[in-house]
Every structure is written in structure tokens, then in C-alpha cells.
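Please read it alongside the sequence and the model.

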Amino acid sequence: MREGRVRHRAGETVPRDRFGPIVVPTSAVRRSTRHELVDLRKFGFIPGVSGGARGFNQQGDVVTQTADGRDLNQIWGDFQAALAMYNADRDRLFGAITFGVTQPIEDVFQGGDTVDFEEASEFGVPVGIRAALPTYFSLGYLFKWYDLAVRYTMMFLAEATTQQVDSLNNSAVEADNRLMFDKVMKQIFNNVTRVATIQGNNFNVYPIYNGDTVVPPRYKTTVHTAPHTHFLVSGGATVDPGDLADIENHLKHHGYGWREGTTLVLLANSAQVNTIRTFRVATGAAYDFIAAQGAPPWALTEADLLANAGAAPPSQFRGLPVEGRYGPWMVIEDDLIPAGYLVGLASGGDNDARNLVGVREHAQSGLRGLRLVKGPDNDYPLIDSYYLRGFGTGIRQRGAGVVMQIKASGTYDVPSAYA
């Protein structure tokens with residue numbers, strides 16, 4: 001135990017310089033599953049309680065502002081306003097690949113029987129038809145509560161500057177953003193079907209097609225069978241144009257592509273994007289990689305740029321920085337995608353129901369988003385406040401995404417970062 005830090009139990013006498021001994025009353029100790037907390041109200045350190053164990057901490061001594069003069073209630077209001085803006089302006093990547101869900105269970109249409117005309121006969125009777133009921137399967141979405149507390153004390157607030165207090169709020173917002181990104185990426189990269197218990201019943205939380213017994217719906221002339229998987233292995237140690245064609249075909253035979261009104265987005269690590277930039281028709285690729293507007297021309301010459309004026313893709317897609325276009329693919333480089341993996345997905349737009357991952361939040365609108373729950377003292381809500389987020393993920397459009405691992409052989413491995 002380090003010098004100067006002594007743990008005391010309820011009822012023990014605590015030596016204190018200058019002021020003599022202070023007795024910690026048993027009622028001042030609150031126990032939790034993780035820590036033994038001292039209730040400062042019992043000492044008079046919290047607003048609304050005058051006096052204290054020695055009578056030297058009067059109500060007039062209560063801290064109402066930071067060391068640089070900013071009112072604590074104003075800080076509380078500013079935090080609430082900042083969180084409202086944060087919740088309204090979701091992370092850029094979320095808008096392109098997710099959509100909002102509030103119901104815990106969905107029934108997904110799988111199709112129904114088809115009927116056909118037959119050639120008429122002079123003496124025959126036409127074949128009769130009857131309405132065929134469509135088929136569905138039910139899927140669930142996970143949902144959990146997550147919380148994070150910032151332990152403000154009156155002593156800290158008496159010495160802290162506005163910048164220090166703001167930095168704690170910013171840290172909590174950044175932690176929430178990482179939490180949501182991590183759960184969305186796990187939903188994409190993990191090929192295991194999980195189970196959500198909803199009102200006492202178990203429902204499958206599906207990944208993208210993972211080779212289970214579910215038969216995908218027919219699309220035009222493509223009739224699918226089970227097992228059917230969208231977790232692929234490239235068959236080569238380096239990404240090549242054929243890999244992107246394979247991913248595209250796995251999306252197209254489920255009805256996803258630019259002709260159907262969705263944008264094909266390729267998410268890749270810089271290690272793979274550096275190779276994709278070199279794809280050219282002259283070396284056997286189906287398309288030339290075209291750098292985005294404002295991006296360095298890479299392997300393209302000035303003559304290439306002049307010949308393709310106006311053909312370069314935009315520098316952003318739904319707020320995501322675009323590296324360039326390869327055929328139908330809008331190529332997005334992000335090193336949060338593990339090296340050695342490609343994610344191809346169809347995006348219908350910001351928060352579009354055709355997007356890949358559903359993010360379920362609470363049915364009550366007041367419980368959605370990142371919330372700052374006030375402490376028990378209404379006059380000083382910042383004290384004992386904590387951050388709360390309730391959400392979960394699931395896949396509705398199982399055919400709208402493909403994950404490919406770049407390796408020579410073997411089966412798909414879930415990346416350790418998102419296992």
C-alpha cells in the first residue's frame with residue numbers, strides 16, 4: 001500500500017492532521033458490488049446539508065463553480081446540449097451501414113408460391129389458383145444497457161478548470177462511440193448466430209449468411225440452396241481484381257447493386273487499398289481504379305486525368321472519405337478494418353432500411369441515444385451523474401454484406417479484434 005493512502009472501515013477513527021481525529025459513521029458507508037463508497041452527505045460535503053463531522057463545512061462553503069468561475073449547473077446544461085447534438089449527428093460510418101430499429105423482433109419476408117398461365121384449350125378448364133400465404137422467418141436483435149460514471153467530488157470541482165471537466169465529458173462520448181463501433185463491427189465480422197431472450201422466448205440474432213440451414217429467397221432466375229455463406233476466403237495471399245468480382249456477384253444474386261438503387265461500398269485496410277489502387281485493365285483487371293476527387297493521382301498520368309475529366313468519384317460518400325472507385329465499388333480506406341479482410345456491402349443511404357446492420361434502441365424515445373443521468377440532488381445534478389446507453393445489433397438483410405478473408409486456403413477466421 002502506498003504511503004499516505006489508508007483504507008478505513010466503518011466506525012474506525014481516522015487520524016487527520018490539523019483537525020484531529022474524524023470518525024466515519026457506519027451510515028456513511030454504501031456498499032456496491034465493486035467498491036465501498038463513502039456517502040459524503042453524511043459529512044455535510046454535499047449541497048443541502050449544513051455542518052459536518054467537525055462543524056467546519058457549512059452550506060455556504062458548498063462548491064457551485066469550477067476553479068475558473070464556471071457555474072456547475074451551466075456545465076450540466078452544456079453537457080446535455082452537447083449530447084443532443086452527438087446523438088443527432090451519428091458517426092459517419094454508422095449512417096452508411098446501419099439503420100435504426102426499435103422493435104425487438106422482426107418477421108422477414110421470404111417469398112411465396114408463384115403461379116403460371118397455361119395454354120388455353122377449346123375443351124379444357126383453366127387451372128384454378130388460390131391465394132398463397134407468404135413465408136416469413138422471425139429474427140431478433142440484441143439489447144443491453146451500458147453505463148459509465150465520472151466520479152466528480154466537491155474537492156475535485158473546487159480545483160478543476162472548465163477544460164478539465166469538459167475533457168471528462170469528451171472522454172465519455174469517445175468511449176460511447178468506440179463501444180457502438182465495436183459492436184457493429186462484431187456483428188459484421190462474426191459468423192456465429194447468437195440468441196436473444198425476449199419476453200421469455202429465444203430468437204436467433206443472425207449474422208450475414210453463414211452457411212446455416214436458412215435458404216435465401218429466390219432473386220429473378222437465381223434459386224439459392226442451403227448452406228449458403230457470405231464469409232469467403234480469397235484463395236490467394238494478395239487481393240486481386242477477381243476477389244472484388246466475387247464479392248460483387250454475391251451481392252448481385254440477392255438483388256443488391258447500383259441498378260437496384262443501392263451503392264456498393266468496399267471497406268478495406270490500407271494494406272489492401274494500396275494494392276487495389278494498382279488495378280488496371282492493361283494488367284488484366286476488369287476496370288481501372290480511378291482516384292477520388294482531390295486525392296493524389298497515384299498511378300494515373302496527367303493525360304489519364306484529362307481524358308477522364310468528371311469521371312472521378314466524389315471525395316466523400318455519406319461523409320465517408322473515398323479513396324476512389326473500382327468499377328461499381330466505392331472504395332473506403334479505414335484501418336479499423338483488420339488487415340487481410342475486405343467488407344463489401346450495399347448502402348441505401350443514411351439510416352436506410354436496406355443497410356446491413358440494424359441498431360436496436362429502446363422503444364421509448366426518451367431512452368434512446370447516449371444519456372447523462374443526473375445525480376440525486378436536483379440542484380447539483382452533475383454530482384453522482386453517470387452516462388447510460390442502451391442498444392444492440394442484428395442483421396435483417398443477410399444478403400446485403402460479404403466479408404472476405406485474404407488468404408491462400410482454409411476456412412474463414414473471425415478477426416481477433418471483433419471475435
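## A salt bridge at Lys407

Lys407 is buried, with a relative accessible area of 19%, where buried means under 20% relative accessible area, exposed over 50% and partly exposed in between (1.4 Å probe, protein chains only). Its partner in a salt bridge is Asp413, with the closest N and O atoms 2.8 Å apart; a salt bridge here is a side-chain nitrogen of Lys or Arg within 4 Å of a carboxyl oxygen of Asp or Glu. Asp413, for its part, is partly exposed at 36%.

This is a predicted model, in which local features need pLDDT of at least 70 and side-chain atom pairs count only at pLDDT 80 or more, while totals for chains, interfaces and linings use all residues. Residues are numbered from 1 along each chain as its sequence is written, and side-chain values use heavy atoms, with hydrogens and water left out.

## Other salt bridges

The structure holds 11 salt bridges, including one between the side chains of Arg70 and Asp166 at 3.2 Å, N to O. This pair links distant parts of the chain, 96 residues apart, since Arg70 sits in the loop between β4 (36-38) and α1 (72-88) and Asp166 in helix α4 (residues 162-189). Helices (H or I, at least four residues) and strands (E, at least two) are DSSP runs, numbered from the N terminus.

Arg70 counts as buried at 15% relative accessibility, whereas Asp166 counts as partly exposed at 23%. Another salt bridge joins the side chains of Asp352 and Arg354 at 3.0 Å, N to O, and Arg354 is partly exposed, with a relative accessible area of 32%.

## Helix α5 and its buried face

Helix α5 (residues 241-252) has 12 residues and reaches 17 Å from its first C-alpha to its last, close to the 16 Å expected at 1.5 Å a residue; the expected span is 1.5 Å times one less than the number of residues. The buried residues of α5 are Asp243, Leu244, Ile247, Glu248, His250 and Leu251. Seen down the axis of α5, these buried residues fall within an arc of 160°, so they line one face of the helix, the arc being that of the directions from the helix axis to the C-beta atoms.

At the start of α5, a side-chain oxygen of Asp240 comes to within 2.9 Å of the backbone nitrogen of Gly242.

## The protein as a whole

The secondary structure comes to seven helices and 21 strands, and 42% of the 419 residues count as buried.

Notes. A polar contact is a pair of N or O atoms within 3.5 Å; within protein, one must be able to donate a hydrogen and the other to accept it, and residues adjacent in sequence count only if both atoms are side-chain atoms.
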